[in-house]
Amino acid sequence: DAQLGTDGAYFIDRDGKYFRYIINFLRSGNITYPRHEEGKAALQEELEFYQLSDVLSALKPLLFDSALRSKVEWKKTVDGWLRKDGWNRARRLFDAAADSFDPAYFHGRCDGQGPTITVIQLSDDRIMGAYTKVAWTSPIAYYGAAPPTTAADSDAWLFWAPIDAHGRCTALQQIPSPSKAVSHEASLGPTFGSGQMSYELMVSHNTV
């Protein structure tokens, strides 16, 4: 939002951290930009806010490869889906790459935490995942093996991206069997669907 000050100058209520890259480019034509993906995405957002389409067009080939554009796009799309389900804010509970791929760590961080969204990045940079409003649990082992426990969730859904030439994530699918939408097993990570041959999405250690 721009506001006219008493001195005749406009005050623009934006974080100036990434604007310096824009002003330097406008002044000199020299291209400098943040090297990390979060910074690149933030710079793109600033360019779009100021409607600097010419600058964005000049910088975009250097800044934003298709994988990054896909990640930015699917985040916006999934955020929209969550808002439709009534959720305005989320926090990270577990990161397998940083924490551990051991299912025990997943359950230790995520059991009993209420609705969750699982996001998986595959080796080819594609994104997929699922949402459930049912809190995760770890069934007690019986003779060394925990029996699968299924739970109903008519609001559970799957997603994957990208699916079109522009990297837009528009693939959203309800779990086919809502009465057995999720499976809770201590030996597995987040698991959607039920049965060894009919899981919709199953994460086990470092395997999807």
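Start by selecting Arg-14 and Phe-49: the charged end of Arg-14 sits over the ring of Phe-49, 3.9 Å from its centre. Keep in mind as you go that this is a predicted model. For another view of this kind, pick Arg-20 and Tyr-21, where the charged end of the arginine sits over the tyrosine ring, 4.4 Å from the ring centre.

Next, turn to the aromatic rings. The whole structure holds eight aromatic pairs. Select Tyr-131 and Trp-157: their ring centres are 5.2 Å apart and their planes meet at 20°, so this pair is stacked, the cut-off being under 30 degrees. The two come from distant parts of the chain, 26 residues apart, with Tyr-131 in strand β4 (residues 127–132) and Trp-157 in strand β6 (residues 157–161). Tyr-131 counts as buried at 3% relative accessibility, and Trp-157 counts as buried at 8%.

Now move to Trp-136 and Phe-192. Here the ring centres lie 5.5 Å apart with the planes at 90°, so the pair is edge-to-face. This pair also links distant parts of the chain: Trp-136 is in the loop between β4 and β5 (149–151), and Phe-192 is in strand β9 (residues 191–193), 56 residues away. Both residues are buried.

Leaving aside neighbours within four places in sequence, Thr-118 is in contact with Phe-192, Met-128, Gly-129, Ala-130, Phe-159 and Pro-190. Is Thr-118 buried or exposed? At 11% relative accessibility, Thr-118 counts as buried.

Key:
Residues numbered from 1 in each chain as written. Predicted model: local features only at pLDDT ≥ 70, side-chain atom pairs only at ≥ 80, totals over all residues. Heavy atoms only, no water. Buried < 20%, exposed > 50% of the residue type's maximum accessible area, 1.4 Å probe, protein only. Contact = heavy atoms within 4.5 Å. Phe/Tyr/Trp six-rings, centres within 6.5 Å; stacked < 30°, edge-to-face > 60°. Helix = DSSP H or I, 4+ residues; strand = E, 2+ residues; numbered from the N terminus. Lys NZ or Arg CZ within 6 Å of the ring centre and 35° of its normal.
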